Every structure is written in C-alpha cells, then in structure tokens.
Amino acid sequence: MTADQWIALVAGIVGGALRVGAPFLFVSLGECLTEKSGRINLGLEGVLVLSAMAAFGGAYLTDSAWLGVLIGAMAGAVLALLHGLLCSLDRVNDVATGIALMLLGTGLAFYLGKPLIQPQAPQIPAIPLGFWSDNTVVRSALQLNALVPIGVALAVLLWWGFARTRAGLLVRMAGDSAQATRALGYSVSGLRIAATTAGGFIAGLGGASLTLFYPGSWNEGISSGQGLIAVALVIFARWSPLRCVGAAFLFGGAGAIGPALQSIGIGWGYHLFNTVPYVLTLVILVLTCKPGSAAIGSPGELSSTRN
C-alpha cells in the first residue's frame, strides 16, 4: 500500500472507533452506573433500540436533532425505570426481568418505528477533526460525533462522583453491602431504582447517536447487539467509568477495521472483519469470568435479588 493509503486506513480506523464506539460508550457508562448500585440490566439492548427509534422520531417530528437526543434519552430512562421497579419486588430475578424488557423494548421500537423507516431526520452536528488534511478520505473519516465529548465528560463526572460525592458513595454502598446501607437508614431499592433509571438515560444517548449520527437512519437491525456487548465492556473495564471510555473505543475500532479496509479498496474478508467485536466479547468473557470467583472490582451485591 502507498503512504496515502496507510494514512487513510489509520484515519478510517480511528474515525470509525469514534463513530462506532459512541453507542458503546454511553451504554457501558449507563450499565456501569446501574451495576455499581448492585443491579444488572440485561435489557440494555431494548433500551438502546427503543431510544434510537424515539430519538429519530423526536428529531423528525420536532425538526431538532438535540430535542430528538433528549427524547431518546428519556425513552431509555422510562424503560430502565420499569426494570428498576420490577426488580425491587420480592423474588424477582434481575437477569430474567432484563431479558423480558429487552424483548419489550425492541418489540415496541419495531412496532412504533414502522412509519420512520423511510423519512430523514435532522442529524447531530459533526466536529471536523480532519481539517488539517487535504485528503478527502481522511477528512470524511475524521468526523467526530458531537455527543462523544459529552460522553467523555460524563465518564469523568461519574468517576469523580463515585469517589468524591455523597450520592456516589451511597450508590457504591448499595452495590457493595445492602445490609450496611439499610443499617444507615437508606433505602436499597430506592438507590438502585434511581441508579438504574439514570443509567437508562445515559444509555439512551447511545441510541440517539445511532439514528442521528451513524448510521443516521432508523431500521430494525440498527443495534446489532451493542446493548448486550456493553455488559461485557463493563466487566472488561472493571466497573470503572474511565476505563469504559477506552473499552468503548477499542470495540469501536475493532468494528471499524472492515469499513476502513474497504475505503482503500480492500474488500476481501469484509464480513469476516465485521465479526471482530463479537469475537472480542467472547474472548473477554472467557478471560475475565471464572466460575466460583468474583471479577476484580465487581460490586459485592451485583447478583443479589434482595432489596
């Protein structure tokens, strides 16, 4: 390959990491917040798809991309709130409830989103990172989703909040020891419902980035399991919001290898390279999840159904 092709390839992978990694970033941050409180939400795939549809529909109806982003985030928060309320009941399993709500969220999105498949909605503005280059391929590849800096700021805010604020310490305490939380007079259920709802709101921003930036349209196959992959990302990041940023962009870059190669005329193995994020997920789960032992950094009450 020529030097220009190498530059275009690297730019394509970096730009793709930022574009493809944006939904991973928000969903993993939302799940990190949820799991820090001691609750797991496997319904994030439903949250992601429903918020993607709601964001696109909101932007289409209001003619404002940012209002669409807000509507998508609120849709994610509502579905996550339902998950939190159901899991607060006695003898309700987090995992089973999450799977049920994943099906509910995707079903609602597919049904309500039928009229939105053809129309076009306003898009989130892009920040041109490739302004320094005269290469049109590089300039096109390095278009940054305006939500990404917000996601990075959210990661820093969550990291600081968990370590330095009373609310963050209460969320961590609910996730590490329900008994200690009750002994101090706090409601474990209330803390977990609040954390799950806030996590759904953050994950909803990821759904909005799917339909309002990349790929920038609504269709029923838009998520491709990114909500479920985000659960593995949180394990890989050891429940650290800052590590979630790196993990999200790593997975985004893995998913961008195929399109980057295609952009410079290499089409061989395109579909094979598209499987890289899923293979990476399996490898991470095999390496980090050992039977009979808790992962490093895992909240102590993560799998508890007690309230």
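Analyst: Two residues are in contact when they have heavy atoms within 4.5 Å. This is a predicted model, in which local features need pLDDT of at least 70 and side-chain atom pairs count only at pLDDT 80 or more, while totals for chains, interfaces and linings use all residues. Residues are numbered from 1 along each chain as its sequence is written, and side-chain values use heavy atoms, with hydrogens and water left out.

User: With which residues is E35 in contact, leaving aside its neighbours within four places in sequence?

Analyst: E35 is in contact with I40, V231, V234, W239, P299 and L302. E35 itself belongs to helix 1 (residues 3-36); helices here are DSSP runs of H or I with at least four residues, and strands are runs of E with at least two, numbered from the N terminus.

User: What makes the link between the side chains of E35 and W239 a polar contact?

Analyst: A polar contact is a pair of N or O atoms within 3.5 Å; within protein, one must be able to donate a hydrogen and the other to accept it, and residues adjacent in sequence count only if both atoms are side-chain atoms. The side chains of E35 and W239 make such a contact at 2.6 Å, which is within the limit of 3.5 Å.

User: How do you know whether R39 is buried or exposed?

Analyst: Buried means under 20% relative accessible area, exposed over 50%, and partly exposed in between (1.4 Å probe, protein chains only). R39 has a value of 1%, so R39 is buried. D94, at 3%, is therefore buried as well.

User: Which structural elements do the buried residues of helix 4 pack against?

Analyst: They pack against helix 2 (44-62), helix 3 (65-87) and helix 10 (226-236). The buried residues include G98, L101 and G105.
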